[in-house]
Amino acid sequence: MNKIALLLLFCFLASCKSRTPLSTSDNEVLLPDGRSFNFWDDKTVYKKVYYVDQNNPLASDQNQGTEKKPFKTINQAARVVLSGEKVIVKKGIYRENILPLRGGENEESMICYEAATGDEVIISGSEVFEEKWIRSKTPYEPSMTFSHKLWMAPVPRSYFKEPSPFKIQNLDEYELKVMPWANDWKNRVPYTLLRGLIFQGGIRMTQLCAYEDIVRLPGSYWVDTTQNENHLFTIHIHPFEDTDPNQQQFEITTRQSPFNPKVKGINYIRVNGFTFEQVGNGFQVSAKGAFSSYGGSHWIIENNIFRKINSVAVEIGAVTDRHFESEDSKDNFEVVSGRHIVRKNIIYDCGTGGIQGLINMGSLVEDNHIFNIGWQEAEFYYETAAIKLHMTSNCLVRRNHIHNIEAAMGIWLDADNINSRVTRNLIYNVNCNFGGIFMEVSFRPNLVDNNLVWNCGKNGIYQHDADSLYIVHNIIGKSKENGIMMTSNKGRKKDNGEFTTARHNIVLNNILIDNPTPFSYSDTVNVSDNNIISSSDGKSNFDWNEWNRKGFDKNSNTIEISSSFNPADLLFKINVKGKLPEVDRLPFINEDLIGEKHDSQNIIPGALIKSNAAFIKLSDYFRSNK
């Protein structure tokens with residue numbers, strides 16, 4: 001074992017023990033520096049309630065917002081609500097932009113937007129398309145009909161009160177300037193596609209880049225951006241099942257961020273119980289989610305549904321172009337941005353991402369169910385993941401249920417992360433080029449522990465250009481290539497001009513099952529030990545002798561483990577032939593994947609206390625919409 005890395009481990013454990021006793025309370029979660037995560041919550045006793053009810057015949061934005069005479073729109077309530085007050089919205093589809101003017105003052109005086117109990121309240125970024133469809137004429141020869149399967153309709157300007165998503169590319173010139181890593185994909189699909197979405201009977205249609213192609217795919221559309229004084233553009237469609245579109249309901253996205261404050265940096269807002277859907281936003285790096293905190297702090301975003309979104313659903317970061325705005329320094333962003341709670345949301349059918357944030361201090365992202373993310377196939381824009389947070393400090397990402405992710409990571413903490421923890425997440429069926437969990441370009445301790453990462457490609461847990469990362473007590477199974485991969489991009493530099501490395505990382509007490517290669521490290525200045533590798537047949541082609549000569553895993557073992565995971569019912573089975581060895585419990589490990597408490601100093605590797613023989617229905621522990 002490398003002496004430098006071993007010394008680092010001992011110093012780290014001693015530091016944790018000196019700051020926090022090994023026994024922790026039920027609601028305490030330790031961060032890598034040994035101190036407790038700083039939980040907070042809404043403690044407001046709301047002194048006034050405004051009501052919004054578009055279905056009430058007396059509803060008007062000229063009212064006072066009482067239950068008997070409610071507002072017609074949510075945005076009217078957002079104009080008048082003050083700190084310590086609540087807005088309750090009753091059932092309906094609200095097709096509007098909500099632009100909060102102010103936030104609360106502290107956790108005892110927040111502003112709350114809440115769906116009425118038992119009501120489905122939908123905030124939509126679309127409008128019902130009411131124009132008449134006619135047989136499509138080719139854009140090249142307007143007198144000719146290309147196919148009887150195709151239809152067309154001009155779109156009047158009246159549908160849009162802001163720049164139309166159908167006139168802006170997913171990644172425009174400005175965004176390419178602040179994201180130079182995306183320039184290789186300039187002028188390519190899907191980056192050149194337009195942000196506007198079309199829905200037939202509530203089902204998202206597929207945008208194609210050539211008129212001639214839509215004849216081949218029912219449920220597709222193409223946009224002719226030619227405009228005149230009467231209409232802004234024309235849409236051509238191939239309806240699902242070749243139906244007459246005049247007998248169907250169509251919706252087109254007209255808004256890019258239907259919940260986004262009008263004022264940057266407002267704080268202490270709680271949003272609870274809504275459905276946000278059908279939003280035509282682009283591939284921006286920050287502040288342009290379908291739902292955005294617009295650089296504020298101390299937001300609680302809970303029990304919502306986010307679905308059918310062109311790019312990212314929820315954005316909780318600072319407002320910056322990464323070069324930082326002239327009136328604000330990076331230090332100021334780190335102070336004001338973050339401390340959000342994003343919990344118990346269901347997020348699905350989003351083109352590039354679920355939850356995103358650039359610069360977050362002390363945020364909690366927990367108990368979210370995120371799935372079917374990444375249909376845009378835009379992985380090499382490098383801003384795609386179910387959860388992607390940049391520049392975190394003292395953040396906690398836990399108990400999220402993430403699956404069926406395409407061309408995107410499961411959880412990705414990117415750049416300059418400090419003292420953050422990714423723990424007790426269930427991540428499976430992630431198809432990408434990096435990992436189910438991806439930690440990047442960070443040089444201070446961060447912790448990845450007690451996660452179940454299953455059927456991810458290429459890697460289960462992946463990091464590059466990161467130092468002082470702790471990967472402990474995870475179960476990683478059936479990755480396409482590597483269980484755990486740690487590497488460095490040669491030639492990449494830190495802000496201080498030094499080249500990045502992948503050193504001083506600690507990989508302990510993990511169980512790796514049926515991964516073609518369990519470990520792949522580009523540098524020997526790391527600790528890796530007390531890990532278990534296994535294959536279902538008890539055989540392994542892994543060369544332990546060569547691996548040991550590099551100084552790794554001299555106390556690790558190959559043990560036969562039979563295991564399976566069924567996504568349909570979240571049933572996880574693991575059966576060890578023999579017995580797992582005991583290892584010393586690390587100070588920050590006080591519970592396993594499903595929350596069972598460790599009551600001994602000696603525990604077994606992996607993410608489950610009962611890993612020796614377990615038959616666990618994970619649906620009892622992870623949020624799901626089933």
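K344 is partly exposed, with a relative accessible area of 38%; the cut-offs here are under 20% for buried, over 50% for exposed and partly exposed in between, using a 1.4 Å probe and protein chains only. K344 sits in the loop between β21 (341–343) and β22 (346–350), and its phi is near 60 degrees, a positive value in a residue other than glycine. This is a predicted model, with local features needing pLDDT of at least 70 and side-chain atom pairs counted only at pLDDT 80 or more, while totals for chains, interfaces and linings use all residues. Residues are numbered from 1 along each chain as its sequence is written, and side-chain values use heavy atoms, with hydrogens and water left out.

**The whole protein**

- There are five helices and 47 strands in the protein; these are DSSP runs numbered from the N terminus, with helices being H or I of at least four residues and strands being E of at least two.
- The radius of gyration is 26 Å, close to the 25 Å from the globule rule for 626 residues, so the protein is as compact as a globular protein of that length. That radius is taken over C-alpha atoms, and the rule is 2.2 Å times the number of residues to the power 0.38.
- Along the principal axes, the C-alpha atoms fill a box of roughly 75 × 60 × 50 Å.
- Of the 626 residues, 60% are buried.
- Take the contacts (heavy atoms within 4.5 Å) with a separation of 6 or more: 70% of them link residues 24 or more positions apart.
- The accessible surface comes to about 24600 Å², and carbon and sulfur atoms hold 48% of it (Shrake-Rupley method, 1.4 Å probe; for residues, only the protein chains shown count as cover).
- On the charge side, the protein has 68 positive and 74 negative side chains, with the centres of the two sets 1 Å apart. Lys and Arg count as positive and Asp and Glu as negative, leaving out His and the chain ends; each charge is placed at NZ of Lys, CZ of Arg, CG of Asp or CD of Glu.

- Another open sheet has five strands, ordered β7-β8-β13-β12-β11, and its pairing is mixed. Here β7 (134–135) and β11 (206–207) are the edge strands with a single partner each, so one side of each is again left without a neighbour in the sheet.
- Five bridges link the antiparallel strands β12 (residues 220–224) and β13 (residues 231–238); V223 has I235 in β13 as its bridge partner.

**Parallel pairing around β34**

- Strand β34 (residues 469–472) is covered on both faces: L469 and I471 on one side, Y470 and V472 on the other, are all buried.
- β34 pairs in the parallel sense with β32 (residues 446–449) over four bridges, and Y470 is the bridge partner of L447.
- β34 also runs parallel to β37 (residues 506–508), joined by three bridges, where Y470 is partnered with I506.

**Two buried strand residues**

- R307 lies in β19 (residues 305–309) and is buried at 15% relative accessible area. Beyond neighbours within four places in sequence, its contacts include E120, E277, Y348 and D349. R307 and E277 are 30 residues apart in sequence but 5.0 Å apart C-alpha to C-alpha.
- I402, in β28 (residues 401–406), is buried with a relative accessible area of 0%. Leaving aside neighbours within four places, it touches I370, A386, I387, G410, I411, L426, I427 and Y428.

- Most residues other than glycine have a negative phi, and most peptide bonds are trans.
- H298, in the loop between β17 (291–292) and β18 (299–302), has a positive phi near 55 degrees and counts as buried at 14% relative accessibility.
- The V189 to P190 peptide bond is cis, with omega near 10 degrees, and P190 sits in the loop between α3 (173–178) and β9.
- The G457 to K458 bond is cis, with omega near 0 degrees; K458 belongs to strand β33 (residues 452–464).

Terms used: Pairing = 2+ DSSP bridges.
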